[in-house]
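Dear colleague,

I am handing over the structure we spoke of, and the notes on what was found in it follow directly below. Please read them with the model open beside you.

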Amino acid sequence: MTSQSPDNPPLRQLVLKIHSRCDLLCDHCYVYQHADQSWRGRPTFIRPETVRAVAGRLAEHTRARALESVSVILHGGEPLLVGPARLRDICAELTRALAPLTTLDLRMHTNAVTLNRRHLDVCREFGVRVSVSLDGDRAANDRHRLDHRGRSSHDRVLRGIRLLQEPEYRHLFSGILCTVDVANDPVAVHDALTALAPPRIDYLLPHSTWDSPPPNPAGAATPYADWLLAVFDRWEEQGRPMPVRTFDSVLSTLRDGPPLTEALGLAPSDLAVIETDGTFEQADWLKTAYAGAPETGYDVFRHGFAEFASHPGVLARQTGADGISDTCRRCPVLRSCGGGLYGHRYRAENGFDNPSVFCADLRSLVEGIADRVTDRTFAPAVLSLPRLSWAQLELTRKLVRRTRQQLTAEPDTEVAWRLLLALDADSGTAPHLDEVLAHPYVRTGLQRSLRGPADAARFMSLAAAAALRAGAAATLSWDQPGTRLHLPTWGTYRLDAPGRIEVTVTPDAFRVRGVGGHRTDTEGTWVRPDEIPASTRWRPLGRLLAQDGPLVDDADPYRDCYPAAVAPPLESGDFVERLGRAYELLAKDASDRRTAADAFRPTVLTPLEAGSGLLLGAHGFGALGVAVDVTPEEFARELPRIGRRARLTALRETADLHRPGSPAGALLDLADTELGRGAHPEAARALTGLTLLPEAELTPTGAVLVSQLWSQWADLHD
C-alpha cells in the first residue's frame, strides 16, 4: 500500500454520498446538469458493506495521522432519500468506528423537502448538524429549484427549516446554502434568508468554467461582485446578524487570517469524496469541468485514504500559490482569492492552469470589501508613544467590558465589576486601575477568555490587584481553580488547595483565606507587599531599575504567549543582573534612536528558554520576552530593532494603516525592518514603493507613518 507522506496535509473532511438521486430537478446542479453524468451508473443508495468499508478506512487514516477531529458530510443526490432507518444505520456505523478515536463531526447537506421528525430524531441522536439549500424568497428560489413535475419547492423547504427551528432540534441547524443568481434582487434574497434567522449563510457562485461561463444577462463587467457587495452592504446595515462564510473568509484573509471556505484562499485541500459505490473522487464540483474529471480510480475496498491523498489531482490542490496560474500569482488579492474554486479555472485547451472564470468578480469583491471596512479616521496614536499607550489601554478596556458580558451568569463577578467601575470613576484611583489594565498579560488573559471559556478567577484577581494598587478597601470571594493566585503587577500567593477563597484588601495589605469545606487556611494570611519578607506564601514581582524600571514577570500564568517557551520562575539573580548591565550599556549610548523620548521602553520583561533571544508575543503593548542566556550586549543591540516592531504591531492593533490586503502592509514591514538594521538602500526602495502606491492604499494614519519613516531614513542616512 502506498503511504501518504507525513508532509502532506491530512484529510480531515469526507463528503459521503449516501444517495445518488434527488427529488428536485435544479437546473444549476453540478451533479445532474453538467458535463459529468457518472451518477447514472451509481447505486441508488450506499450499501451497508460500503459504509463499513468507509468507516474502517477513515478510522485507519485517523489513527495514522493522529487526527483530533474529522468531519463527515452526508450528501447526495438528496441524503434524506435513504430514509430514517438507513440514515440511523449509517450514523451508527461511522460513530462506532470513529468516536473512540477522535471527535466526529457529522453533518448533512439537504434540500429539506422531505425533512421530518424521524430524520431529525436520528440527527439529534448522533449530533448531525444540518445545512439546507435555499436560494431566497419564492421567486428567487423557484427560478432553478423545482421538482421533477415543475412544481415549487419553496414551501416544503420552509416547512423543513421551521421544523429545524423547533427547540428540540434548533442546535442541529447549521445554516443555509444559497446559489447566486444575478437575475435575482440581492437585497430581497438576503432579507428572505435572514428572516429565517439561520446560524450561518453561505453564498455560492454557480458552478461554471471558461468553456461554460456563468450567466450574465445584463452584460455587466463584474455582475457577481456587484450582487455580493449589495448583500454585504445590507449585511453591514443589519449589524452582521449572522456569519456569512464568503464575507467572513475575505475579512479574515484581508487581516492575515486563514481562509474559511475552499472557494477562496490558499489553504490546502483536506477533502475527500466517496460515492455510493465506494469509489474515491476528488471534489465533486469538478463534474462541471468534463466527464470523468473527479475520478481517481480508487475505491475503499482496495485503497485507503493515504493512496487517495497521493493522487496527483489531490496534490494539485495542496500546493498553495505554486498550484495556481501566473496571472493569479501576480494579483494583489491573491491571499484572499487564492485563484478561486479549482473547478472554476477549467478550460479545455489547457486544463486548470487559468484564473477563475469569476476572476474579475473575485478581485472586485475583495477590493470592494477592503474599501468598505477600511477605517480612514486619523489615529493620534501614530504621533507619540504616550498616545499609542493610551489607545492600547482603550483596547484593553473594551476587552474587560466584553469579558464581563460573558461572565454575567457568574454571581461573584458582579461585585468585582462594581469595584472596577468605582475605581474608574474616581480620579484618585483611576490611574492605579489603568496601571493594572496596562499590564500586557491582562490583555492576553482577556483575549483567551473571549476565544474560549471565560476565566472568572482571572477577572476576580484583576479586580483585587487593582484595588490593592489603588489602596481601596474591598472583599471579593470566588472559586480558585489552582493553588497559585496571581495578582497582575504584584506577584503570586500560594494556597494550600484549590477551592473557594476570600480576598480582603485594605489600603496597604491584603489577606487570602479559604472558605468552607475542609480548608486548613480559613484564618488566612495578611500580606503587606512593601514589607520584606512579606510572607512565606507570597512571591512578589520585582522591577529591574528601582521604581520606574520594567517589571520582571516570571510567574503570570498568561505570560506563555511567545513563539518560544517561557522559562520557569527565576531562582537566582543572574538574569536580572545581566539585564541591569544591559540597561547601563543603553544609558551610555547617546544616539538619538536610543534616547529619544519616543523610543520603545518595555514595561514588562519575561524570561524565555535559552537561545530564543528577544521576542514579541501575542500580548498587550510593552511586554518583551528575553532568553535567560541573553548577553547584555545582545539585549542592548537588539532592543531598538524589536522596539520598532513593537510599535508597528501596536499601531496596527489600534488603527488601519492601509487598506486591508494592500501591498502597503508588506512594504511597511520591509521598510521598518530595514531601517531597524540600518540598511539604507533597501529601506529607501521599500519607502519609495509605499510613496508610489495609489493614494487610496494608505489611510491618513498610514501616510503619517510613512512620512515618519522617511524622516528616520534621512536622519540615519545623514
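Leaving aside neighbours within four places in sequence, L94 is in contact with L16, A55, V72, L74, A99, L104 and L106, where contact means heavy atoms within 4.5 Å. Before going further, please note that this is a predicted model, in which local features need pLDDT of at least 70 and side-chain atom pairs count only at pLDDT 80 or more, while totals for chains, interfaces and linings use all residues. Residues are numbered from 1 along each chain as its sequence is written, and side-chain values use heavy atoms, with hydrogens and water left out.

L94 is also one of the residues, together with L14, L16, L74, Y203 and I369, that touch the most other members of the largest nonpolar core, which has 93 residues. Helix α7 (residues 223-237) contributes the most to this core, with 8 residues. A second, separate core holds 43 residues, including L544, Y583, V630 and L668. A nonpolar core is here a set of buried Ala, Val, Leu, Ile, Met, Phe, Trp, Tyr and Cys residues joined through side-chain atoms within 4.5 Å; buried means under 20% relative accessible area, exposed over 50% and partly exposed in between, with a 1.4 Å probe and protein chains only. Helices (H or I, at least four residues) and strands (E, at least two) are DSSP runs, numbered from the N terminus.

In helix α16 (residues 430-437), the buried residues are A430, L433, D434, V436 and L437. Seen down the axis of α16, these fall within an arc of 160°, so they line one face of the helix; the arc is that of the directions from the helix axis to the C-beta atoms. They pack against α14 (385-406), α15 (412-425), α17 (440-451) and α18 (456-470).

Turning to the sheets, an open one of 4 strands has the order β10-β13-β14-β15 with antiparallel pairing, two strands being paired if DSSP finds at least two bridges between them. Its edge strands, each pairing on one side only, are β10 (474-480) and β15 (525-527). Strands β13 (residues 499-506) and β14 (residues 509-514) are joined by 6 bridges, and V503 has V512 in β14 as its bridge partner. Helix α15 packs on this sheet, touching β10 and β13, and its direction makes about 145° with that of β10, whereas α18 lies across β10, β13 and β14 and runs at about 155° to β10. For these angles, axes are lines fitted to C-alpha atoms, for helices over the stretch in contact, and values run from 0 to 180 degrees between N-to-C directions.

With best regards
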